[in-house]
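Let's take a friendly walk through the inside of a protein model. Keep the picture open while you read.

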Amino acid sequence: MDYAVVVALQIVSGVATLVIVSLGLAVVFGMMRVINLAHGEFLMLGGYTAILASGQGINRWLSILVLPPLVVGLIGAVVERVLIRRLYGRMVDTMLATWGLSLAFIGGVTMLFGNSVTGISAPFGSFGIGRFHVAGYDMFLVLASVVLSLIVWAVLKLTPAGLIARGTMQNAEMAAALGVSPERVYALTFAAGAALSGLAGGLIAPVSGVLPTMGTAYIAKAFITVITGGAAMLTGTLVASGLLGSVLTVFTFLTTPVFGEVALLVMAIVLLRLLPRGITGRFLRRAL
Amino acid sequence: MTLSRRDALNTVLFAAGSTLAAPAIMRHAALGADPIKVVGIHDASGGLDIYGQPMIACLDFAVDELNAAGGLLGRPIQLINYDPQSNIQLYTQFATQAATKDKAAVVHGGITSASREAIRPILRRFNTLFFYNTQYEGGVCDRNIFCTGSTPAQNVNKLVPYVQKHWGKNVYIVAADYNYGQITSKWITKYVREGGGQVLSVDFFPLDVTNFGPAISKIQAAKPDAVISALVGGAHISFYRQWAAAGLKKSIPIASTTFGGGNENILLSPEEGDGIVSAFSYFQEVDNPLNKAFLEKFHAKLGAKAPYLGGELGMRTYIGFNLWAEAVRRAKSIDRMEVIKALETGISLNTPAGKTTIDAKTHHTTLDVFVAGCTNQAFRALETFPQQPPLDTASVCDLAAHPNENKQYEVDVKI
């Protein structure tokens, strides 16, 4: 019984991790249709921000939750201004440019901080379930994923800024005709997506450790999740994370981490074969 | 005389060039003749850099020390370091380069067993002598290679009895998913059974896995007396971190064949690393006069840049190079076969890690083994086992009788 609870908690935390690493991409790719191959590096930069800040003696919560989104959001704004802005609507060019950007980030960080793993200890201790112990930080990640999803939902659904952003993504010319500057909206949305990615990097840093190439471990999963999710970016990402995260964790439990990842890929392929436009291309189409 | 612009430029360039080259030329001139080329192939970057950095530093140090003492056979040593970036493909490329382009007298290199097995056939084919200075799973039987690190009969054979005596009989194994982890876990299983215990389960993890949550729950469900880890590289350090975060340090202790081989104990906080027990043929903290003198010189030379010489990898590289140098002195030649024959006389050196002797039949070494526990980010020796022969490899390999053998034997454990 206790074991079942522990397994269930692991599944939930597996799902939460997927949600956290995919949300930023859901905004940038799901909403803006920008194929950002540097998404993993935004995570990595967030992780480094958290580690460096806490190494400087800055409060742990400040360095995990506040600084990474600020720093990476700023970097995102600069990247949008210099690179992405020139490439809207040019998918292949964007892929090439962001791939180059990702290599540049990896190379730059390697030069600055060396190609080695660093980490910080996870806050919170552990708590017991029967004779099992579970890391408190895992549960904090679950909470964080819920809060983040709620914030994204609330901003998009309840604020004028969210309405304008959604409207601009649907029809930029109409939005412009109504007096909105699409350029500004695109820039702000991209920066927001980058900030979410940065925050994700800060959040996972205590669990995974930080390394210049850590992004590569997450980018494929993030893309698979967002693409499997389909058109409704938030609902799609959440549903896809739920399905894929459960499959990943269950198979990791039953076999090894290798087959866990294999199962995740197989699941994604089957889903996309059956629902080529993603889960929300068929179900929950009107959701956000 | 008119001085054209081109002449002037040439003069300036030549002057600048010779100024830059002067230190190099003078260093070689001081020792005369053309240098003996030694190649090092160790990962200076990537996930394995935690092992590569101390190995490279020790090889550099050993070469400088020898050059300062007059080189070998009146010739200076020229060390060429390659960085394969934790990438097996680059290993094969650099090994070929070392053998064909550099015509190296000896190659010191390889960290993971995967990289060793990638370059061993290449160096054998090109008749280039190869030193592998890492603790590994044992069983390599090839006259062209000398393995100077400890093997399971030397380290696992000491670690498992320690675990069973102090913590309990039944263990859970977590290991890296490639030949080192696969074979070492078999050795651990063998010794655990011989000690009357059981291996509850063995879990393998690819080198880039960082999420150990499910594994940690599985381990708790299995209720072992101890966990034995053969995890490798930077990503796997997450295991120890997540283990501590789950609050399991007090209930289930960890022993490891790899922990401390790099700088794992420094990267982890004391709360995360304390109490983990490892077995190696050297720890930086080993207390003897030779080691004290070595560390003094090492730190005087490298200053703040001196890496922590955790487990044996760095020290074994230093010893491996000196064993080769001693053999060259005795052979009075850098010819491969002459040096191999000299080494096969059973060369023995007193080193900071204790006495190390080449075992002629297996091309492995007899060495001292320490079981040590991690306290406050440093190791403290708990038990010492002087002069342990490489019994595992010796049980399957006899190069004196079969000099042409070329394979890696695997221990046969019925699981």
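What follows covers the cysteines, the aromatic rings and the nonpolar cores.

This is a predicted model, in which local features need pLDDT of at least 70 and side-chain atom pairs count only at pLDDT 80 or more, while totals for chains, interfaces and linings use all residues. Residues are numbered from 1 along each chain as its sequence is written, chains are lettered from A and ligands numbered from 1 in the order in which they are written, and side-chain values use heavy atoms, with hydrogens and water left out.

Let's begin with sulfur. A disulfide is a pair of cysteine sulfur atoms within 2.5 Å, and a search of the whole structure finds one over all chains. B:Cys141 and B:Cys397 form it, with their sulfur atoms 2.0 Å apart. The pair links distant parts of the chain, 256 residues apart. With 80 degrees about the S-S bond, this link is right-handed.

Which cysteine is in no disulfide, with B:Cys147 holding the nearest cysteine sulfur? That is B:Cys58, and the distance is 18 Å. The sulfur of B:Cys374 is too far for a bond, because the closest cysteine sulfur, in B:Cys58, is 19 Å away.

The table lists some buried residues; buried means under 20% relative accessible area, exposed over 50% and partly exposed in between, using a 1.4 Å probe and protein chains only.

| Residue | Relative accessibility |
|---|---|
| B:Cys141 | 0% |
| B:Cys397 | 2% |
| B:Cys58 | 0% |
| B:Cys374 | 3% |
| B:Phe321 | 0% |
| B:Trp324 | 1% |

Now for the rings. Rings of Phe, Tyr and Trp (its six-membered ring) pair if their centres lie within 6.5 Å; planes under 30 degrees apart count as stacked, over 60 as edge-to-face and the rest as tilted. By this rule there are 31 aromatic pairs over all chains. One of them, B:Phe321 with B:Trp324, is tilted, at 5.7 Å centre to centre and 40 degrees between the planes. Both residues lie in helix 12 of chain B, three residues apart, about one turn of the helix; helices (H or I, at least four residues) are DSSP runs, numbered from the N terminus.

Finally, the cores. A nonpolar core is a set of buried Ala, Val, Leu, Ile, Met, Phe, Trp, Tyr and Cys residues joined through side-chain atoms within 4.5 Å. The largest has 199 residues, and A:Leu203, B:Phe239 and B:Trp324 touch the most other members. Helix 1 of chain A gives the largest share of this core, 14 residues.

Technical notes
Helix = DSSP H or I, 4+ residues; strand = E, 2+ residues; numbered from the N terminus.
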